Amino acid sequence: MRYADGGGLTPTGRRRRESVRLQAVELFEQKIKPSEVARRLRVSVKSAYQWHQLWRDGGVQALASRGPSGSRCRLSPRCLEKLAVYLEQGPAAHGWVEDQVWTASRVATLIGRKFHVSYSVSGATRLMHRLGFSPQVPARRVAERDEQAVSAWREATWAEVKGPGRPAGATSASRMKPGSPDGRHGGGPGAGAA
């Protein structure tokens with residue numbers, strides 16, 4: 001099952017699901033069929049049969065929550081603390097002097113350099129969010145851009161190039177032919193009706 005936030009169930013959700021499975025175990029112990037368990041607990045019949053099989057093969061422990069799903073963080077808590085310090089130092093302290101922006105790609109590279117662990121760009125993004133940071137996308141601007149020259153060009157040259165345009169009333173958006181004097185097109189249905 002996929003979740004909109006990219007994760008699985010919350011800890012509360014996992015406890016609630018485990019509680020439902022444990023209620024199912026109580027009913028299985030009373031020799032109640034999985035289809036009836038599904039009806040009583042308002043779960044799918046398929047889930048009830050899977051739980052029944054797990055319970056028969058492994059007991060109550062087989063239906064206990066296994067914790068959060070998904071891959072585990074490949075950095076230790078100590079490494080995460082170091083990474084947060086590195087991020088606070090800024091990109092220039094780690095070789096990116098052209099701007100002061102942490103991109104997910106840069107963070108993935110930094111993790112590889114400092115901790116010898118490979119992270120994808122999306123993995124680095126999730127890790128940054130976990131640490132309370134957000135990646136930033138730099139504005140694509142030419143380093144030699146002269147703002148004064150750009151505004152002077154807009155005021156002088158662009159006005160000439162753009163031209164005055166058409167007057168507002170000169171065109172029509174309608175594809176219809178002009179109507180006949182009585183409001184109907186001649187020769188169409190109902191044209192001869194009085």
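Cys 73 has a relative accessible area of 28%, so this residue counts as partly exposed (buried means under 20%, exposed over 50% and partly exposed in between, with a 1.4 Å probe and protein chains only). Its closest cysteine sulfur belongs to Cys 79 and is 8.9 Å away, too far for a bond. Cys 79 is in no disulfide either, and at 22% relative accessibility Cys 79 is partly exposed. With a disulfide taken as a pair of cysteine sulfur atoms within 2.5 Å, the count for the model is 0 disulfides.

A word on the ground rules. The model is predicted, so local features need pLDDT of at least 70 and side-chain atom pairs count only at pLDDT 80 or more, while totals for chains, interfaces and linings use all residues. Residues are numbered from 1 along each chain as its sequence is written, and side-chain values use heavy atoms, with hydrogens and water left out.

**The overall picture**

The protein holds 7 helices and 0 strands, where helices (H or I, at least four residues) and strands (E, at least two) are DSSP runs numbered from the N terminus. Along the sequence this gives the pattern α-α-α-α-α-α-α. Of its 194 residues, 23% count as buried. Among contacts (heavy atoms within 4.5 Å) with a separation of 6 or more, 45% join residues 24 or more positions apart.

Two packed helices are described by the angle between their axes and the distance between the axes. Here the axes are lines fitted to C-alpha atoms, for helices over the stretch in contact, and the angles run from 0 to 180 degrees between N-to-C directions.

| Helix pair | Angle | Axis distance |
|---|---|---|
| H1 and H3 | about 70° | 10 Å |
| H1 and H2 | roughly 135° | within 10 Å |

H1 and H3 are therefore roughly perpendicular, while H1 and H2 are oblique; angles under 35 degrees count as roughly parallel, over 145 as roughly antiparallel, 65 to 115 as roughly perpendicular and the rest as oblique.

On the H1 side, the contact with H3 is made by Arg 17, Val 20, Arg 21, Ala 24, Val 25, Phe 28 and Glu 29, and on the H3 side by Ala 48, Trp 51, His 52 and Trp 55. By class, this contact of H1 with H3 has 7 nonpolar, 1 polar and 3 charged residues (Ala, Val, Leu, Ile, Met, Phe, Trp, Tyr, Cys and Pro count as nonpolar, Asp, Glu, Lys and Arg as charged, and the others, Gly among them, as polar).

The crossing of H1 and H2 is right-handed. From H1, the residues in this contact are Val 20, Gln 23, Ala 24, Leu 27 and Phe 28, and they meet Pro 34, Val 37, Arg 40 and Leu 41 of H2. The classes in the contact of H1 with H2 are 7 nonpolar, 1 polar and 1 charged.

**Two residues to look at**

Ser 35 sits in helix H2, residues 34-41, and is partly exposed at 35% relative accessibility. Its C-alpha atom is 8.6 Å from that of Lys 46, 11 residues apart along the chain.

Leu 131 belongs to the loop between helix H6 (121-130) and helix H7 (147-162). Its relative accessible area is 24%, which makes Leu 131 partly exposed. Beyond its neighbours within four places in sequence, Leu 131 is in contact with Leu 80, Leu 83, Ala 84 and Leu 87. For Leu 131 and Ala 84, the C-alpha to C-alpha distance is 6.8 Å across 47 residues of sequence.

Technical notes. Left-handed = near helix turned anticlockwise from the far one by under 90°.
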